[in-house]
Amino acid sequence: MVLYRLQHIVSTPFPKNHQEFLRAAGEFRGRLSRLKAATRVADYGWYPYESLTALPVIAELWADHYEDLRHACCSGGAADLGCADGDFAMLLAHFGIPVDAVDHREANFNQMRGVEALRETLACGVSIHDIDIDEPFSLPRKDYGLTFFLGTLYHLRNPFYVLQQLAKASDWCILSTRIAQVTPGSRTRMEAEPLAYLLAPREANDDPTNFWVFSPAGLIRLLQRTGWLVVNQRRVGCAVDSDPVGRGADERMFVLLKSRIRYPDLQVRPLDGWHAPEGDRWRWTAKRFSLEVVLPSECRSSEFALRFTVPPEAVQAHGSEVALTCSINGGLAGSISCKTAETLEFRGRFPDSTPAGAQVSLEFSVQSSFAPGGDGRELGVVVPLLDRMSQGTHRIPFRVS
């Protein structure tokens, strides 16, 4: 049984800048604290940690991108994933944002009675969903502007899968999780290596639902591999020799993420020599075409790959070889040739001097005698298109490593 008193709080427009957001969110936090003090959740009580204490860190994290995030929330709605009592969901609903509060009743501290009590008490339109994201899952909606994903990652058995699925659904994400610089007892330093520590049951906080604690480098690597661009990051808590289990050695990393899957232009953008997409399935290139690539800023990239197809008419009619080369700043980056119609992956290397985060132009050239009759276009190779993005762009099958 949940006891509550109706405390309807009229929604207010989403603040225009991050300073106003922090002020208005602080006022809401105070009202929410007073409401919880006056309201009882039977049997279990409220979630014991105050989620909105993270507001100053989050305001600092997104200060330079606030307008983009504000627009994303207002136009695409939001999700509070691993919502606990749904404090952030209620805050966003207070600002008039459609919000899905998602948690798993079996694992939630009070079996989601807290978030349900807040929704009823505040008489707000937050939509509540009981979803186990550690199993194959679908979110309530296919598209979100922003997802809050705070203090949940280390509770997941399959963090790679969850982050990858989330990158397909949300434009932006604010994530926090525990990290560690050393293993328990300071036996091994792990901070600079892409590692994770697997906890024993009840090893941390006497909680058997804790699993993976990543090193800082491991968390960044995980985010990169699951389709995210790390836009900004902050670390709070234990600054020296944080570890996965000690109460006094608890360090958290907050990261602002933007989906590379939903925003393919973060990674690669077609420049010259591309014909219009055909049937949302492929694009012909000209015999000279180019790509602009923005490399990940977190680590240096050494290689790249582009998938392409040599169509049957390009080789059967003339019996000639088709060759594709790429140059960067006038230097040869790679080449490939074929005499049969097939789908291939062109692989090349960035110059050794290319720094992390660099913007690089790739100039491709197709050597072929193929000249289709009745088509006035100059045709080179076919590039298959992967997914049609919600923003109306196409994802080119290009990757870096």
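Visitor: Among contacts in the protein between residues at least 6 apart in sequence, what share joins residues at least 24 apart?

Guide: This is a predicted model. In the protein, 73% of the contacts between residues at least 6 apart in sequence join residues at least 24 apart.

Visitor: How many helices and strands does the secondary structure of the protein come to?

Guide: There are 8 helices and 21 strands in the protein. The C-alpha trace spans about 80 × 50 × 35 Å along its principal axes.

Visitor: What percentage of the residues count as buried, and what is the accessible surface of the protein?

Guide: Of 401 residues, 50% count as buried. The accessible surface comes to about 18300 Å², and carbon and sulfur atoms hold 49% of that surface.

Visitor: By what are two packed helices described?

Guide: The description uses the angle between the two axes and the distance between them. Here, helix H6, residues 159-169, packs with helix H7, residues 216-225, at an angle of about 50 degrees. The axes of H6 and H7 are 9 Å apart.

Visitor: Is the crossing of H6 and H7 left-handed or right-handed, and which residues make the contact?

Guide: H6 passes H7 in a right-handed crossing. On the H6 side the contact is made by Pro159, Phe160 and Leu163, and on the H7 side by Leu222, Leu223 and Arg225.

Technical notes. Residues numbered from 1 in each chain as written. Predicted model: local features only at pLDDT ≥ 70, side-chain atom pairs only at ≥ 80, totals over all residues. Heavy atoms only, no water. Axes fitted to C-alpha atoms, helices over the stretch in contact; angles between N-to-C directions. Helix = DSSP H or I, 4+ residues; strand = E, 2+ residues; numbered from the N terminus. Left-handed = near helix turned anticlockwise from the far one by under 90°. Contact = heavy atoms within 4.5 Å. Buried < 20%, exposed > 50% of the residue type's maximum accessible area, 1.4 Å probe, protein only. Areas by Shrake-Rupley, 256 points an atom, 1.4 Å probe, with all protein chains shown as cover.
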